[in-house]
Structure formats: structure tokens, C-alpha cells
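Trainee: I have a model open and would like to go through it with you. Can we take the backbone, the core and the pairing in turn?

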Amino acid sequence: MAIGASSAQTAGEETDTTERGHPSQLRRRLGRSDLRAVPEARRELRELLRHWGRPGRSEIAELLTSELVTNALVHTDREAVLTAVVEPSQLRVEVRDFVARRPRVCTPGTGDGTHGRGLVLVDSLADAWGVQAHEVGKSVWFELDAEAA
């Protein structure tokens, strides 16, 4: 993947472009407990993935990204960083926070409403996903293949 110039588009948002001018990377700082960042991240990712993958793949990416962003903002009460890297055959999305506590995949109960389903969705829809520990905090990531059914 050839990366060219980077341009800051809004505070905390950067999009790198390939040599042909198509975005290939999104990096966005997410403010502490700022849930307005969730739909904004979805919109930015949608734009990044406008010409990527088979039909439906970008919608899955948006859903999974919103789950990871929401988890980071709700469960850590700290800032986070969203990074999405697009290659012709694959997408990798990573949300880094600064709390060491690892997320757990839970089986949501009937009284949980809509809570507790984020990582279940990631586990069932992503082609790969995981948690990477850092010296300070962790990253939760997923990958999608562009051509998967």
C-alpha cells in the first residue's frame, strides 16, 4: 500500500491517500465519553470504504467499528484512537484505549436490553479479531476480507 500525503480534515481526524488520491487510512482521536464520535466514525469509515469490497462488506465494517468505538468510550471513561487501514483485499480497524482491562465476550441475558452484544457481533461477523496489549492500555481490532461472502 503506497501512502502519500496526509491532510488533517477536522480536529483529530487524518486521512492518508494513496498515489491515485483514494483514501487508504483513517486515524481519529475519540474524546473521553464523547458518544457523538460513534456516528461520526461510521460516517468517516463509510466515506473511506465507498469503493471497497463486495456489497455489504462496508456496512459490516461500520457496524463493527461502532461497536468497538462505543465499547472503548463507555467502558474505559478515557480517550481512544480509531485507526482503519484499507488495502485492496482487506480492511483492518483498531480502537486503542488507555486502560489495561481486557474486554470479555459475554452471552447477553434476556434482561440486558441492547447491552453486551458488541463483541458477540465482532466475533460472529469479523474474519479475524483480537486484543493486543500495549505498555499503556490495549487495542481491540478486527479484519474483514474485501471479497468474503
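Trainee: In which loop is Asp 77 found?

Mentor: This is a predicted model. In it, phi of Asp 77 is near 55°, a positive value in a residue other than glycine. Most residues other than glycine have a negative phi. Asp 77 is found in the loop between helix 2 and strand 4.

Trainee: Is Asp 77 buried, exposed or partly exposed?

Mentor: Buried means under 20% relative accessible area, and exposed means over 50%. Asp 77 has a relative accessible area of 37%, so Asp 77 is partly exposed.

Trainee: Let me turn to the fold. In what order do the elements of the protein chain run from the N terminus?

Mentor: The protein chain has three helices and seven strands. Of its 149 residues, 37% count as buried. From the N terminus on, the order is β-β-β-α-α-β-β-α-β-β.

Trainee: Which element gives the largest share of the largest nonpolar core?

Mentor: That core has 29 residues. Leu 30, Val 69, Leu 82, Leu 91, Val 95 and Phe 142 touch the most other members. Several elements each supply at least two residues, among them strand 3 (23-30), helix 1 (37-48) and strand 7 (138-145). The largest share, six residues, comes from helix 2.

Trainee: Take Leu 82. Which residues does Leu 82 touch, not counting those up to four places away in sequence?

Mentor: Leu 82 is one of the core residues that touch the most other members. Not counting residues up to four places away in sequence, Leu 82 touches Leu 26, Arg 27, Arg 28, Leu 30, Ala 41, Thr 65, Val 69, Val 93, Glu 94 and Val 95.

Trainee: Helix 2 also packs on helix 3. How do the residues of that contact divide?

Mentor: Helix 2 and helix 3 pack at about 145°, with their axes 9 Å apart. Their crossing is left-handed. Ile 60, Leu 63, Leu 64, Glu 67, Leu 68 and Asn 71 in helix 2 meet Gly 118, Leu 119, Leu 121, Val 122 and Leu 125 in helix 3. The residues of this contact divide into eight nonpolar, two polar and one charged.

Trainee: Which residue stands opposite Leu 91?

Mentor: Strand 4 and strand 5 form a hairpin with two residues between them. They pair in the antiparallel sense over eight bridges. Opposite Leu 91 in strand 5 stands Val 86.

Trainee: And in strand 7, which residue is the bridge partner of Asp 97?

Mentor: Strand 5 and strand 7 pair in the antiparallel sense, over eight bridges. In strand 7, the bridge partner of Asp 97 is Lys 138.

Trainee: One last count. Among contacts between residues at least 6 apart in sequence, what percentage join residues at least 24 apart?

Mentor: A contact here needs heavy atoms within 4.5 Å. Among contacts in the protein chain between residues at least 6 apart, the share joining residues at least 24 apart is 53%.

Note on methods: Residues are numbered from 1 along each chain as its sequence is written. This is a predicted model: local features need pLDDT of at least 70, side-chain atom pairs count only at pLDDT 80 or more; totals for chains, interfaces and linings use all residues. Side-chain values use heavy atoms; hydrogens and water are left out. A nonpolar core is a set of buried Ala, Val, Leu, Ile, Met, Phe, Trp, Tyr and Cys residues joined through side-chain atoms within 4.5 Å. Buried means under 20% relative accessible area, exposed over 50%, partly exposed in between (1.4 Å probe, protein chains only). Helices (H or I, at least four residues) and strands (E, at least two) are DSSP runs, numbered from the N terminus. Axes are lines fitted to C-alpha atoms, for helices over the stretch in contact, and angles run from 0 to 180 degrees between N-to-C directions. A crossing is left-handed if the near helix is turned anticlockwise from the far one by less than a right angle, and right-handed if clockwise. Ala, Val, Leu, Ile, Met, Phe, Trp, Tyr, Cys and Pro count as nonpolar, Asp, Glu, Lys and Arg as charged, and the others, Gly among them, as polar. Two strands pair if DSSP finds at least two bridges between them.
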